[in-house]
Amino acid sequence: MTKTQNRRESCCKGHAVNENNNGYGPSNSCRKISAVEMMKKGAGGSLAIVVAPDSGWGWVVVFAAFYCNVVVDGIIYSFGMLINDMVNTFHEPESKITIVGSLLNGFYLIAGPFVSALLNSVDFRSVTIIGSVISCIAFISAAYVKSLYQLMLCYGFIGGIGFSMVYVSAVLIPGFYFDKWRALATGIAVCGSGIGTFVLAPLNALLVENYGWRVTIMVQAGLALSCAAAGILFRPLKPTIVEVPTINPVVMEPKIPEDEPLLTKNGIDERKMSLDSKHNAAKIGAPTAEEIYNHLSGRQTPEPRPISISCHSLNTHNQYLKDRLSPDHPEKKLSAVSLRRPSVSAHLMDRDDRFFGGSLSRLPQYSSQVSSLNYAMSVTRIPAWNDAEEGNDEEPCSKNNSFRKNMKNYYKSAMHTLTTMLDFSILSSPSFFLLTCSGFLTLLGFFVPFMYISEKAISMGMDKNIAVWLVSTTGLTNTFGRVICGWISSYKSIDPILVNNVSLTFGGLYTVLLPFLPYSVWSYYLYASLFGFSMACFASLRSTIIVELTGLELLTNAFGILLMFQGVAAAIGSPLLGLFKDWTGTYDMSFYLSGIILTASAVICYPLRRVKKWEDDRKLRRPSTV
């Protein structure tokens, strides 16, 4: 065989060759056969599934995420300490200055779906580092601006986008490392929000008083850049490769070069995924890894228990499996091994539970499985399976083409996540529409106490050195509230919707009553404590409530829509309510309206269970009328 033929064979390994050229045609006649295409033709294959280790380096990742939340939320919630000095610099009313901080609040939520799409194409480490660098540059630029509008652009808009990249990564990554301990790991990470508020509020006040807001923002830029060091610790997890051989699952340890595909083509006829057409047409259209495995193993209908036993090979001995499997075929079982070149893999965000931060014991998908691998397979979706165009284009075998294809795959994976999260048709669900309205109202009034509580206390005669600790007190009690709320929500007997409604009701009532109370240092500190504790439940139970209403399959879509609405509300809430201070000369009306809005956000959710039941009953009756 000549050298030319050797090169030709190497180029086209795993590709289809145009037979009309007798194997000697130009390189553009070499067409790659995708892994999905080969698997559908019955060649067997493997599925790359990320399984949470639930130990080890995961705890380092949790504390790195904790630090990122300390910085991001600490800076966001303590912006009120800079307002008065900025008023003196720009000679603008407080409500207009507040737009700067509100843009920071809003865009770190609004950009959430776009950051999630980026995560699906890259990884947590890269996105966190890039976000911290963007925030640092934005804050340094903001320290030298000459106009308020430039400050809004640099500090609010660009800084908010950078913070969103750090925040989303820090909130989501504990869920990649933990399943069994996910509630605890996520709880520790998000507690950084309260601790950051507690620490950075007095620090910002001290820096502003002694050096001014420009130096304070420079210090914040340094803190933002330090998140890059934490991001380096966000080590990507290596996927576990679940091997599905040609006919039946057979244990083997394949030894193949890294540059060759795992699969080999054979003559078995193509088999198509036998999933419900309605399922394929839905938003969750991509099949799960478990469904694909069942199909390729010859099971047209999912059978969780046999799969669970087979997948148990991750952490059991072969002898155990031989005892449990069919005595007629003791050698047949699933192999889960670590390979570096999987045939078909899922991206980071291709999991139904990616935004779920509560206890997995509340999920039937988790409680019905016997191993972490089984659970991961049941919630991991493989969008490439439904991609009919994958591998059908004839492309030349070249480095430029490889780069172009990688860019195309990055774009496709990002757009898949983005279109999933921003599918507004989910608002046609009455129960979710009510929850979205409630979330919008909550964020509309949520940041007013953080922005104005210290200045209101000073206007009532409180010493400035004492007033700066009000926001810190809110952050500290918010931390305790998150821990307690996360703990009680792990019990299935606790209704998360009721807990959320009650806490929002009390938080709103406290805010309405504050201006009516006789002034004293203790009354203000009591309000700050109660408000911080009450608002903790809203933040902790958000994903749990969504799952209660939409199911786990639509969590990603619902979370993306909710982030967008809450981000818009956060961006306009404080400046809008701050106008009343400019008009009346006091903060009372701003607190009245904030409290009323928070209470209203709770009231509209009290009938949520009944609306959900009515919605489910209507869906059940609909087929009978056709």
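What is the volume of the second largest pocket? In this predicted model, the second largest pocket has a volume of about 870 Å³.

**View 1. Lining of the second largest pocket, with 42 residues.** Thr186, Val190, Arg482, Ala539 and Ser540 lie nearest the pocket centre. Several helices each supply at least two lining residues. Among them are H3 (58-77), H5 (94-110), H8 (148-177) and H9 (182-190). H19 (430-446), H22 (469-488), H24 (521-550) and H25 (555-584) also each supply at least two. By class, the lining has 24 nonpolar, 14 polar and 4 charged residues.

**View 2. Packing of H3 and H5.** The axes of these two helices come within 9 Å. They cross at roughly 140 degrees. H3 and H5 are therefore oblique to each other. From H3, the contact uses Val72, Asp73, Ile75, Ile76 and Tyr77. From H5, it uses Leu104, Asn105 and Tyr108. The contact of H3 with H5 divides into 6 nonpolar, 1 polar and 1 charged residues.

**View 3. Packing of H23 (496-513) and H26 (588-603).** The two helices pack at an angle of about 165 degrees, with axes 7 Å apart. That makes H23 roughly antiparallel to H26. The crossing of H23 past H26 is left-handed. H23 contributes Asn501, Leu504, Thr505, Gly507, Gly508, Leu509, Thr511 and Val512. Facing them in H26 are Phe591, Tyr592, Ser594, Gly595, Ile596, Leu598, Thr599, Ser601 and Ala602. This contact of H23 with H26 has 8 nonpolar and 9 polar residues, and no charged ones.

**View 4. The largest cavity, with about 90 Å³ of space.** The model has 3 cavities of 30 Å³ or more. Lining the largest are Leu435, Ser438, Gly439, Thr442, Asn500, Leu504, Phe538, Arg542, Ile545, Leu562 and Gln566. H19 gives the most, with 4 residues. The lining has 5 nonpolar, 5 polar and 1 charged residues.

View 5. H10 (192-211) and H22 each supply at least two lining residues. By class, 3 are nonpolar, 5 polar and 1 charged.

Key. Residues numbered from 1 in each chain as written. Predicted model: local features only at pLDDT ≥ 70, side-chain atom pairs only at ≥ 80, totals over all residues. Heavy atoms only, no water. Axes fitted to C-alpha atoms, helices over the stretch in contact; angles between N-to-C directions. Parallel < 35°, antiparallel > 145°, perpendicular 65-115°, else oblique. Left-handed = near helix turned anticlockwise from the far one by under 90°. Contact = heavy atoms within 4.5 Å. Nonpolar A, V, L, I, M, F, W, Y, C, P; charged D, E, K, R; others polar. 1 Å grid on protein atoms, 1.4 Å probe; cavity = no way out; pocket = protein on both sides within 12 Å on 5 of 7 lines; lining within 4 Å. Points joined across faces, edges and corners; volume = space filled by probe spheres on them.
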